[in-house]
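Open your viewer and switch to a cartoon view. This tour goes from one selection to the next.

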Amino acid sequence: MTSILVVEDSARIGAFVEKGLRAHGFATRWTRTGADGLAEALTGAHDLVVLDLGLPDLDGSDLLRALRGAGRTTPVVILTARDSVVDRVAGLSGGADDYLAKPFAFEELLARIRLRLRGHADAEPAVLRSGDLALDLRTRRVSLAGKETDLTAREFALLETLLRNRGQVLSREQLLGRVWGFDFDPGSNVVDVYIRYLRRKVGADRIETVRGMGYRLE
């Protein structure tokens, strides 16, 4: 199983990213300090590092330099509140493979991680299926009974989340967090709206409403 190291000072963001990655089939290790993060990264046990720059004891850029200085080529995706062009250039020039500014949508972080993990055969299945419904993670295409169905990026992400948790009830809050991001308004009805969109495209009876709890893909 592909392992991802999350080095993130914020308890809220760290727990959110860790939980989301596990839900998508990755093994994760979360540390909140630069010292612990560097020690973990140097073990070589992880396939990718998600790195916050604003760590309490060691700046993330220093951690990255130490990692690269030790000869480690593990892909690193910086996830930070520092969003200026200067910061982005410095991060990428310093050895990062990608750079994502906060606030962020989990689906974008997930897409960037997958991009950097290409070549890892065991990172994830190539195609998710449910009956005659197939979702290809590589081509980002969805087919129903062999016929391709057009989905928006958000619809694709929502369907992917439901497929990965097939048979499980996912609450609106869980779907908001995994598809729209941790900072999305919890009072929004956007989940219900997009469930309706999906039902029109993949079949109304495929996604079950569990009253008072959420939604489940049968």
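Which strands does helix 4 lie across? Select residues 85-93: helix 4 lies across strand 4 and strand 5, and runs at about 150° to strand 5. Angles run from 0 to 180 degrees between N-to-C directions, with axes fitted to C-alpha atoms, for helices over the stretch in contact. Helices (H or I, at least four residues) and strands (E, at least two) are DSSP runs numbered from the N terminus.

A note on the source: this is a predicted model, where local features need pLDDT of at least 70, side-chain atom pairs count only at pLDDT 80 or more, and totals for chains, interfaces and linings use all residues. Residues are numbered from 1 along each chain as its sequence is written, and side-chain values use heavy atoms, leaving out hydrogens and water.

Five strands form an open sheet in the order 2-1-3-4-5, with parallel pairing. Strands pair if DSSP finds at least two bridges between them. Strand 4 (residues 76-80) and strand 5 share four bridges. Pick I78: its bridge partner in strand 5 is Y99. Next, select residues 60-69. This is helix 3, which touches strand 1 (3-7), strand 3 (48-51) and strand 4. Contact means heavy atoms within 4.5 Å.

Finish at residues 153-164 and 172-180. These are helix 6 and helix 7, whose axes come within 10 Å and cross at roughly 125°. Show R154, A157, L158, T161 and L162 in helix 6; they meet L175, R178, V179 and W180 in helix 7.
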